[in-house]
Amino acid sequence: MGDRLENCCRCASNVCKSDLTFHLFGGQSFSHDAGSGPTELKISTECLVAVADRVSSLLVVGSVLLTLCRTDASWSLTLYQIQRTSQSDPCDLLASFSLPLVSPKVQSDTESRCVLVCVYPGDLMPASSPPHPPRSHYPLQPLLFRRLFGAEAALSKSPVVLCGLPDGRLSFLPLRIPGSRLRILHSLEQSVVFVGASAVMETDAGCAGCLIALGKQGRAVLIRAGRAGLEGGGGTRFTLGCVPGPVECACMDQSRVYYSTGSDLLMVDLWDGSSGTAGRQGDKEDEASRSNPAAFLTPISLNVSGVVALHQPARSSAGEVQLLSLSVRGRLQSIRLPVRTQEDSLSKGPSSQVGRSVGDILSAIGDICERASVLKTIIRSKNQILKQLNQVVNISFLLSNRSESDLKPVRCRGSVRWSRLLQRDSLNLTCVLENLSPFVLERGWTLSVTVLPLSCPLEAGGEASSVNYSFPFSGLGPGESVEVSLPVAAAGDASFPVTVTCSLLFSLWRFLGQEEATAPLDLQSACFSLPLNTLTVDWLHALRLSDPPAPARSSSSPADLLQGFISSRQLRCRGGQASRPEEYSARVRVSSELLRDALGLAPGSPRVSLLEWLLSEGCGGVKMERKGIKTDGSSSVICGSAPDNATVKLTVNVEEKTKPLVIVEVQVKSSSVAAVCGLHHAVLRRIQVHTLSLQVILKFLLKIYQSEFSRTCQVWEASSVGVSSGQTPPLLLRVYQQLRDGPLLIL
Amino acid sequence: MIQSTSLLESWTQENNQLASGCKLSSHVFLLLCLSLSGIPPHLDRAQLELSVVYNTCVCFTAQSQFDEAELLLTQTAQRLLQIAGDDPGTSDPSVLWRTALKSVTGTALHRRVLSLLCLQWGVWLAKSRLTAVQDFQEVSLLEAQSGAVWNDCRAETKEKISNIPILVLDPRRLVDLLKICTAIVQGAERLTEGWSVLSALQAASASPAPRALIAYTHLLSGSCLAHMNRPQMALQCYRKALETDPRCVCALYQSALIYSRLENSQAEIQALRILHSMLLLPSTTEPAMAADRLLSPSLFLCSQSLSSLLSVPSALSVLHSLALKCVIHSRVSEGVECYLDLLAALQSEDQHGVRVHAAVSTLPKLPRLYLEAGAALLMARRPADCMALCDEVIGSTLDLLPEKVLLEDPVARRVAGSGEVTEEAENGLVRLLWTAAAYLLQGHCYSQLKDWKQAVTHYTRCINLLVKVHYKDTDKDAEQGVDLCVLQRLKGLSLAGRGISFAQIDRLREALRDLQLSRQAHPEGVSARRWYGEVLWRLDRKQEAAACWEQTWSNPIPSLSEALPVYAQELQSGPLLDSAELRQKLQELGPT
């Protein structure tokens, strides 16, 4: 143990010495005892050889010192003459070459170092060269040298400097050729960590037939001379490979590359064993390895972790390889590799290693399979979503491009029905959403229905308050429809007509299947609304029919009786008139020809058919569901109750006195003014919808009607507060009635 | 007040100590300057302050820190104006200085301000802001007038030396230096613009100045005269420049160029030879001008056009052109020596070899140099050496040769690769031509050795290489023109050589065929035609032979030219036909 430690320390001192003398170029030689630990060395300014900023690598070739610096826009390789004229001056600058940066942004890390090595033709032995060439100097096979660097470099037998740059470029500069410049040999596309050379075959006798460069992420390139005459005078072959990275540092001896990933030290045998075929045999394997770079360069782990620097390996006479390494914790280690005999590599290697590697590969395949299936699912669902979004966009265009008057391909129609639930009558609207477009309404769409009464009960403060219902549905194919039901008004509620606005809402969150809980608060942005059509429920829709001869007092239930009593009482109080509530009536007079032509009513019994039409026609998109109108055959009177429980009588008379013009008169009678007005309005609206030619008259008529009505209301209000209880209201009412009774005829 | 005076004295002493110290540093002066500028400007202290600023700026300028110097000068001018209570409201230095100068006219400060103004002039000159200098030259006329004042001051200085702050550089010397430097730089600028500046330069050459600068004025006058197409007068000027300063190598180089233009080859060779030996001397590149002085003139001579006028090619380039001239002008042995020196210099690890990189090299490619040297050796009848050189070329290029070279349409090529002409210098064609030329030279060597069989072998190798080039026979263009021309000539020469060799071993039919082909490839080849006639004669086709001879009679073998590589020209190395003999043969034929 002690021996080993001492050995290490001696190595340490050796490394120090060689490194420092390397840096100081024959300054003072440092001698200190082995085992005395690291010593701080003082370097005087006299040892300064060159002043340069941001030097990332240096190399000495003969009597020339080369430094590689990064400037703002380029890499510059500077040559200095080592032999100084005087001890105090820095070295003479000989020349400087620059290579522009690829892009300044990419190479922002100043950490990355460059690699500088020198290669020279193998047949040229420098006169004063030691038996072992110095570190980073490689004799190269003359053929390879010529092919790589050209005839001129070969002729001048010039050393060539190779620079491996952090941007992955491997550039070269022949030193002794006049006018030469830095040129690119290859680009590794990742930071070059190591450049070395190795002997391919035994016949090479000391000069390397193969240049190798290793990138940070483990990409490797082997550069060899192709066979002469193979491809137009024989070129150089660049074989790309891969080793498991990251490569922290590397070194190589004759045929092996040792490199550290930080967590392990690995050895790659370039020309032995299974991978050796790539080097030895013909081009077939070579092609294979080129197409599948991972197929060769299988590293063997040496189980040493934390190595950040390696020194050139030394091979003993017995074939033992000794490596010097520096660990990340600052420990200098000497690693001895036992001699690997042929049997070792052949017998031991396979049994354990092959099994392990097969297992590894199988598990890797499993992993990849799993990942692939997950990815596939994700892709599929994304495609699905995209398809659906396409539908959404189509529908949005379809609905937003049309004006209000157009018939939209997606629309609602409605029907109303009175239903009784828990002793309370209510008017239910069944809304049917029809999809007549060629697109599917997917999940994520919501039908939103807003019910807005046109007027409102006085108690509510005079402001109409809308009620909103939304019905999410999932999937509505072309031609399909969905039906929803909602209450429009309760019995006694006289706030008709009611506008029902339908729109489609699209919520991205709902579409993506996320619930409200996870959805962010900003729902506005994830939601948009497309208006559909608008439905109107008016008095006629809300009219409940009763038996024809029933007078107002036929109410049977005690509640009705009570209600009747209360309302009569109220009326009496308000009006302060006779005991019997006053009957209000309104008339609409239409020519029968009009009915025949425009409404297509049978001329035979216009009265009944007109009533039927009035009650069943789907006006404003809403139909009234009735079991059948109970009219007693010839009778042209319909009795019913309005939503405010007032009794209503609709009568159709035919006046034939005014021949040839036959006038059909619809008369609305009720004790409730509101009901009369509402029904009158509803009747007019129906006729108006179908007889657009008469719009002008109708408008005029409606105007008068509305102004009178509002005036009446005001008067009523005033009287109810008790400001005045004079004779004005009845007077006005009379005026109104006269107006109603006027001979306005819709032609 | 007493304190202030004593402070003033101590500062003055400090300045004087610094100024008389052996090592001048701008830092310490700047410190002093800063401490002075900390106090409000006042007339009493202005004298000292201006002197310190002057000293600081001289040090800055000596260290090429022109920006710092200029900044300090501008600040000082502004301070001066503060004293005078004058505000020009601008930061334009020339306006500033004019106002400042006006404000101190007639006071004791005037000459100090003038000397600072001189420094500003120097900074402008160093930064090549010649328009500013020109503006200032009107003011500098004042300079001469104030010379008298300065002399008085000097006398004054001698009397009470302790109270007057010392200046590190005499302002009058500065003015002299600046004047001549301005003349040189302006001369160079105007010369490049095509103006005649002769009178100004000649005026400047009479002024007192260092020799090197006077030499520059002569040199520039010479260049001016050369531009004016008066080579002899230009030569005179160059000679004067050399006489003034023997290290003015660029005068030598310019004279060599003039001799070359005058086609005085012997003088040119002589000039080149001297130039080369001077370039090899140490420190010729930077003339050691006034080492004892504080300010080197080179600080002010950094104009682009001047440096291009003063540039001299590297020693190796000079050596190459010397070698080539010698060979071409039939001083072959000298040329051979030069070539061998050149190759040795290129091979050596000596610094000259590396330093060549720095300048843009005018040297041809290395293989071409080898081949030229080989041709020179062949002409010097040293075939063995020639063959060794050729072997090297062949060895380095042979396995880089392409199987086939297809020259594209020159027009298309020019469009595609106009930017890559220099990049692709060593392409397949060029390498092939090198190898072929090496074989051709080896063939010549063997024929010189009268080893005809070997000669035939090598000529054949050359021909085999040359036929690998395929091209469309379009008009010869500039770029490829030279290569194609060399190709044709090599073809012609190698075919002729083989034909002659065949003729020597009496294989007349082959000889006739080769010579015929040679004449087709290179119709100007004289020896091929003469030998064609000879072979015809030997084949007993005497009339044809006579016709052939008659045709070639008048024109001798053309002398070597510089336009083409030497090895692609007729070297007269092979067996020659005696023209007298030919004439005799013709006369024999004539009567019959």
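Me: Which residue in β11(A) does Ser198(A) stand opposite?

Reply: In this predicted model, the residue facing Ser198(A) is Cys210(A) of β11(A).

Me: What makes β10(A) and strand β11 of chain A a pair?

Reply: Two strands count as paired if there are at least two bridges between them; β10(A) and β11 (residues 210–215) of chain A have six bridges, in the antiparallel sense, and therefore they qualify as a pair. They belong to an open sheet of four strands in the order β10-β11-β12-β13 of chain A, with antiparallel pairing.

Me: Why are β10 and β13 of chain A called edge strands?

Reply: β10 (192–198) and β13 (236–242) of chain A are called edge strands because each pairs on one side only. From one strand to the next, the twist of the sheet averages 20 degrees. Helix α2 (residues 142–156) of chain A packs on this sheet, where α2 touches β11, β12 (219–225) and β13 of chain A and makes about 110 degrees with the direction of β12(A).

Me: Why is Ser136(A) called buried?

Reply: The relative accessible area of Ser136(A) is 18%, and buried means under 20%, so the label applies to Ser136(A).

Me: What makes the phi of Glu263(B) worth a remark?

Reply: Most residues other than glycine have a negative phi. The phi of Glu263(B), however, is positive, near 60 degrees, and Arg381(B), which is not a glycine either, has a positive phi of about 60 degrees.

Me: Where in chain B is confidence lowest, and where is it highest?

Reply: Confidence is lowest in helix α17 (residues 351–355) of chain B, at a mean pLDDT of 48, and highest in helix α22 (residues 452–466) of chain B, at 92. The pLDDT also stays under 50 over residues 287–292 of chain B, a stretch with five contacts beyond four places in sequence in the model. Where pLDDT is low, the predicted coordinates should not be read in detail.

Terms used: Residues numbered from 1 in each chain as written. Chains lettered and ligands numbered in written order. Predicted model: local features only at pLDDT ≥ 70, side-chain atom pairs only at ≥ 80, totals over all residues. Heavy atoms only, no water. Buried < 20%, exposed > 50% of the residue type's maximum accessible area, 1.4 Å probe, protein only. pLDDT = per-residue confidence, 0-100. Helix = DSSP H or I, 4+ residues; strand = E, 2+ residues; numbered from the N terminus. Contact = heavy atoms within 4.5 Å. Axes fitted to C-alpha atoms, helices over the stretch in contact; angles between N-to-C directions.
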